[in-house]
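Subject: Structure handover

Hello,

Here is the structure we spoke about, with notes on what was found in it. Please open it alongside this message.

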Amino acid sequence: MATDNESRMEKTVASLKDEYNSIRTGRASASIFDKVRVDAYGAPTPLNQVGTVSIPEARMVVISPFDKSLISAIEKGIQKAELGLNPSNDGKVVRIAIPPLTAERRKELVKQAKSIAENYRTTIRNIRRDGNDALKKQQKAGEITEDQLKTETDKLQKLTDKYIEEINKIYESKEKEIMD
């Protein structure tokens, strides 16, 4: 029972990390492009399957397509992803200069990250609520005693506290990354 709740909470935290990877900071990062899709051979294809993404310097991303005919499709895919980046190509590779973030944009991103973290904290609390409901049903059905209910409820609360603390740490780290 508790392991099911814990695995749901772990998945929630992993999902938060994935979502935070797509928030652009002032530094170049290959993970910004994880959600970019390129129209390749008639199907939307993840960018990392049509080329390699490399970071030669702190504010520069270079995408080397496996097939040079896809260069314009890669550019269009990046523009469609609305990352606020302007790709350019030289016929061989796509280069993207990562502009520094303005103070206003940094504040917006921190606000966005805070809102995302709150949504994930709510998800963790919902998992706790579901777990508590299941425990109460078991107690009503006579499967567990009042003492077992209390013990399991306490364990679930400790688990909830642990994962909410983890979400807080991830948020603080992302906030620091955005403000640097």
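A residue is called buried under 20% relative accessible area, exposed over 50%, and partly exposed in between (1.4 Å probe, protein chains only). By that rule Tyr 41 is exposed, because its relative accessibility is 65%.

This is a predicted model, in which local features need pLDDT of at least 70 and side-chain atom pairs count only at pLDDT 80 or more, while totals for chains, interfaces and linings use all residues. Residues are numbered from 1 along each chain as its sequence is written, and side-chain values use heavy atoms, with hydrogens and water left out.

The hairpin

Tyr 41 belongs to the loop between E1 (37-40) and strand E2 (43-46). Helices (H or I, at least four residues) and strands (E, at least two) are DSSP runs, numbered from the N terminus. E1 and E2 form a hairpin with two residues between them. The two strands are antiparallel and joined by four bridges; strands pair if DSSP finds at least two bridges between them. Ala 40 has Ala 43 in E2 as its bridge partner. Tyr 41 is not a glycine, yet its phi is positive, about 55 degrees. Most residues other than glycine have a negative phi. On E1, Val 38 and Ala 40 make up the covered face, and Arg 37 and Asp 39 the uncovered one.

Four strands form an open sheet in the order E3-E4-E6-E5, with antiparallel pairing. Strand E3 (51-57) and strand E5 (87-89) are at the edges with a single partner strand each, so one side of each has no neighbour in the sheet. From one strand to the next the twist averages 25 degrees. Three bridges link E5 to strand E6 (residues 94-97), and Ser 88 is partnered with Arg 95 in E6.

Helix H2 (residues 71-80) packs on this sheet, touching strand E4 (60-65), E5 and E6. Its direction makes about 170 degrees with that of E5; such angles run from 0 to 180 degrees between N-to-C directions, and axes are lines fitted to C-alpha atoms, for helices over the stretch in contact. The buried residues of H2 are Ile 71, Ala 73, Ile 74, Glu 75, Gly 77 and Ile 78. Glu 82, which follows H2, has a positive phi near 50 degrees.

The helices and the cores

The axes of H3 and H4 come within 10 Å and cross at roughly 170 degrees. H3 is therefore roughly antiparallel to H4, a label for angles over 145 degrees. Asn 132 lies in helix H3 and counts as buried, because its relative accessibility is 16%. Beyond its neighbours within four places in sequence, Asn 132 is in contact (heavy atoms within 4.5 Å) with Thr 153 and Leu 156.

A nonpolar core is a set of buried Ala, Val, Leu, Ile, Met, Phe, Trp, Tyr and Cys residues joined through side-chain atoms within 4.5 Å. The largest one has 22 residues, and those with the most contacts inside it are Met 9, Leu 16, Tyr 20, Ile 23 and Ile 167. Helix H1 (2-21), helix H3 (103-140) and helix H4 (146-179) each supply at least two of its residues. Apart from this core lies another, of 20 residues, including Ala 28, Val 50, Ala 73 and Ile 78.

Regards

Terms used. Angles under 35 degrees count as roughly parallel, over 145 as roughly antiparallel, 65 to 115 as roughly perpendicular and the rest as oblique.
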